[in-house]
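Dear colleague,

Please find below the structure that I am handing over to you. My notes on what was found in it follow directly after.

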Amino acid sequence: DVGTQTESVVVVGHCCESGDLMTPEAGEPESLEERTLRKAEIGDVLIMDGSGAYCAGMSSKNYNSFPEAPEVLVDGEGRAHLVRRRQEVSQIWENEVDVPEGVF
């Protein structure tokens, strides 16, 4: 059940960059504009169709130590297929090595 309550919101991504705006003002990509969406609760999922740099192929890998998001492909019949699992935080640190003593 997704509920029926709505609210006016601005949607931004986790990167806190000027281009990290999911609800830009029409014709003004650097300005925000509110959208009316269903009221969200902690743990809800927001689906972004055509997420640009948020897809794995366009993103800066682990920018700000943020794990890669899972990716879902929706086929022509509307069925969802997981095509990339969510990255575990431990996988970000997997390739890190200790800095030799005296470097800092």
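Glutamine 87 sits in the loop that runs between strand E6 and helix H1 (89-93). Helices (H or I, at least four residues) and strands (E, at least two) are DSSP runs, numbered from the N terminus. The model is a predicted one, in which local features need pLDDT of at least 70 and side-chain atom pairs count only at pLDDT 80 or more, while totals for chains, interfaces and linings use all residues. Residues are numbered from 1 along each chain as its sequence is written, and side-chain values use heavy atoms, with hydrogens and water left out.

With a relative accessible area of 9%, glutamine 87 is buried; the term buried stands for under 20% relative accessible area, exposed for over 50%, and partly exposed for the range in between (1.4 Å probe, protein chains only). The side chain of glutamine 87 reaches the backbone nitrogen of glutamate 68 at 2.9 Å. This is a polar contact, that is, a pair of N or O atoms within 3.5 Å; within protein, one must be able to donate a hydrogen and the other to accept it, and residues adjacent in sequence count only if both atoms are side-chain atoms. Leaving aside residues up to four places away in sequence, glutamine 87 touches Lys61, Asn62, Pro67, Glu68 and Ile92, where contact means heavy atoms within 4.5 Å.

**The chain as a whole**

The secondary structure comes to one helix and six strands, in the order β-β-β-β-β-β-α along the sequence. Of the 104 residues, 11% count as buried. Among the contacts in the chain with a separation of 6 or more, 40% are accounted for by residues 24 or more positions apart. The chain exposes about 8,900 Å², and carbon and sulfur atoms supply 51% of it; accessible areas come from the Shrake-Rupley method with a 1.4 Å probe, and for residues only the protein chains shown count as cover.

Strand E5 (residues 71-74) pairs with E6 in the antiparallel sense over four bridges; two strands pair if DSSP finds at least two bridges between them. Leucine 73 has histidine 81 as its bridge partner in E6. Five residues lie between the strands of this hairpin, and glycine 78 takes a positive phi near 85° there. Strand E6 (residues 80-84) is hardly covered, as the count of buried residues among its five residues is zero.

Salt bridges that share partners join Asp75, Glu77 and Arg79 into one network. A salt bridge is taken as a side-chain nitrogen of Lys or Arg within 4 Å of a carboxyl oxygen of Asp or Glu.

A search of the whole structure finds five salt bridges. One of them joins the side chains of arginine 35 and glutamate 33 (3.6 Å, N to O). Arginine 35 is partly exposed, at a relative accessible area of 29%, and glutamate 33 is partly exposed, at 34%.

Threonine 23 belongs to the loop between strand E1 (6-9) and strand E2 (24-25). Its relative accessible area of 5% makes threonine 23 buried. A polar atom of the threonine 23 side chain lies 3.0 Å from the backbone nitrogen of valine 11. Not counting residues up to four places away in sequence, threonine 23 touches Val10, Val11, Ser31, Leu32, Glu33 and Arg35.

Leucine 32 has its place in strand E3 (residues 28-32) and counts as partly exposed at 42% relative accessibility. With the same exclusion of residues up to four places away, leucine 32 touches Val10, Val12, Leu21, Thr23, Pro24 and Glu25. The C-alpha atoms of leucine 32 and valine 9, 23 residues apart along the chain, are separated by 10.0 Å.

Val10, Val12 and Leu32 make a nonpolar surface patch of about 230 Å². Patches consist of residues with over 30% relative accessible area and no salt bridge; like charges are joined within 9 Å, and nonpolar side chains (Val, Leu, Ile, Met, Phe, Trp, Tyr) within 5 Å.

With kind regards
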